[in-house]
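Hi there,

Here is the structure I promised to pass on. Have a look at it first, and then read on for my notes.

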Amino acid sequence: MNRPDTTNRQHSERRTDGLRLAGIAGAVLALAVSVIHVLDQGGLTAMKDPAYLGYGYWVLELAGLVCAVLLLTRSRSGWLLAIGVAAGPLLGIVVSRSVGLPDATDDIGNWTEPLGVLAMAVETALLLLAVAVLARVRARSAR
């Protein structure tokens with residue numbers, strides 16, 4: 001029979017391992033968001049047109065990299081940034097594919113473009129993971 005202090009330690013270690021694995025998964029997803037957007041814009045030094053989209057891509061790519069580092073260091077702010085790294089481009093895809101963006105209407109109705117579909121899948125996975133981790137951390141701290 002396990003002693004209570006041993007059981008509590010084992011339970012705490014499992015939680016820590018779960019958060020570590022979630023952090024690794026989140027970091028991989030955040031990096032994937034960055035890579036997908038680098039590919040979509042045509043490379044690291046390419047500029048998406050119109051310019052505001054190009055600058056937005058660069059900010060997102062950098063944010064994905066920063067997010068991955070924060071998640072690997074187990075920073076709670078990494079999970080908050082992950083929500084932005086996921087939700088921002090998801091919103092952008094929905095708007096660009098539905099009503100279009102200012103000076104960028106060429107993607108209206110382009111819902112099946114493979115890189116866009118991959119982006120939506122990766123961003124949705126990152127968003128769900130970040131929300132789940134933050135909800136779990138918040139519930140644990142409320143106890």
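**Salt bridges, a pocket and a helix**

Asp 40 counts as partly exposed because its relative accessibility is 29%; here buried means under 20% relative accessible area, exposed over 50%, and partly exposed in between, with a 1.4 Å probe and protein chains only. Before the rest, a word on the source: this is a predicted model, in which local features need pLDDT of at least 70 and side-chain atom pairs count only at pLDDT 80 or more, while totals for chains, interfaces and linings use all residues. Residues are numbered from 1 along each chain as its sequence is written, and side-chain values use heavy atoms, with hydrogens and water left out.

Asp 40 has a partner: its side chain meets that of Lys 48 in a salt bridge, 3.4 Å from N to O. The term stands for a side-chain nitrogen of Lys or Arg within 4 Å of a carboxyl oxygen of Asp or Glu. Lys 48 is buried, with a relative accessible area of 19%.

The structure holds three salt bridges. Arg 97 pairs with Asp 107, their closest N and O atoms being 3.3 Å apart. Asp 107 lies in the loop between helix 3 and helix 4 and Arg 97 in helix 3, so this pair ties together parts ten residues apart in sequence. Helices here are DSSP runs (H or I, at least four residues), numbered from the N terminus. Arg 97 also meets Glu 113 in a salt bridge (3.5 Å, N to O). Together, Arg 97, Asp 107 and Glu 113 are linked in a network of salt bridges. Arg 97 is buried at 8% relative accessible area, whereas Asp 107 is partly exposed at 22% and Glu 113 is partly exposed at 23%.

Which residues lie nearest the centre of the largest pocket? They are His 37, Asp 40, Leu 53, Tyr 57 and Ser 96, out of 25 lining residues. A pocket is an open set of points on a 1 Å grid over the protein atoms alone, where a 1.4 Å probe fits, with protein on both sides within 12 Å along at least five of seven lines; lining residues have an atom within 4 Å of a point. Helix 3 gives the largest share of the lining, six residues.

Finally, helix 2 has 22 residues and reaches 32 Å from its first C-alpha to its last. Its buried residues include Leu 53 and Tyr 57. Just after helix 2, Arg 74 takes a positive phi of about 60°.

Enjoy exploring!

Methods
Helix = DSSP H or I, 4+ residues; strand = E, 2+ residues; numbered from the N terminus. Expected span 1.5 Å × (residues − 1).
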